[in-house]
Amino acid sequence: MTKNNNKNRFYPTDNPDIKPDENGDFYWKCFVCGAILKDSKRPTYCPLCSKQETFFFKIDPDAENIRRNL
């Protein structure tokens, strides 16, 4: 018998400790192609690979070492 849980083990989930920047925006990373977008809510699709919003997760720009001028 398998244990039923709601955690998806195939791609990362949102980290509740990540806070928005001074404008209220988060940095979102596409799990499929690695594109990084900046928006206040989860993007509806990826402009690079056209995947749906479920493939985006929040990232910490300091931990990912990305430029903040997106």
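Reader: Is Ser50 buried or exposed in the model?
Author: The relative accessible area of Ser50, a residue of this predicted model, is 55%. Residues under 20% are buried, those over 50% exposed and those in between partly exposed (1.4 Å probe, protein chains only), so Ser50 with its 55% counts as exposed.

Reader: Where does Ser50 lie, and what is its phi?
Author: Ser50 belongs to the loop between E2 and E3. Although this residue is other than glycine, its phi is positive, with a value near 65 degrees.

Reader: What kind of model is this, and what is the mean pLDDT of its chain?
Author: Residues are numbered from 1 along each chain as its sequence is written, and side-chain values use heavy atoms, with hydrogens and water left out. The model is predicted, and in it local features need pLDDT of at least 70 and side-chain atom pairs count only at 80 or more, while totals for chains, interfaces and linings use all residues. In the chain, 71% of the residues reach 70 or more, and the mean pLDDT is 77.

Reader: In what order do the elements of the chain run?
Author: The chain holds one helix and three strands, taken as DSSP runs numbered from the N terminus (helices H or I, at least four residues; strands E, at least two). Read from the N terminus on, their order is β-β-β-α.

Reader: Which residue in E2 is the bridge partner of Tyr27?
Author: Strand E2 covers residues 36-39 and pairs with E1 in the antiparallel sense over four bridges, where a pair of strands needs at least two DSSP bridges. E1 and E2 form a hairpin with five residues between them, and Gly34 in the turn has a positive phi of about 85 degrees. Within this pairing, the E2 partner of Tyr27 is Lys38.

Reader: Which residue in E3 is the bridge partner of Lys29?
Author: Strand E1, made of residues 26-30, is also joined to E3, and the four bridges between them belong to an antiparallel pairing. For Lys29, the bridge partner in E3 is Phe57.

Reader: How many of the residues of E1 are buried?
Author: Phe26 is buried, and Trp28 is buried as well. The strand E1 is mostly covered, and of its five residues the number that are buried is four.

Reader: Which residues of E3 point the other way from Phe56 and Lys58?
Author: Strand E3 is made of residues 56-59, and all of them are buried. While Phe56 and Lys58 point one way from the strand, the residues that point the other way are Phe57 and Ile59.

Reader: Why does Asp21 count as buried?
Author: Asp21 is found in the segment before E1. When its neighbours within four places in sequence are left aside, Asp21 is in contact with Tyr27 and Lys38. Asp21 counts as buried because its relative accessibility is 12%.

Reader: What share of the residues in the chain is buried?
Author: The buried residues include Asp21 in the segment before E1, as well as Phe26 and Trp28. Taken over the 70 residues in the chain, the buried share is 21%.

Technical notes
pLDDT = per-residue confidence, 0-100. Contact = heavy atoms within 4.5 Å.
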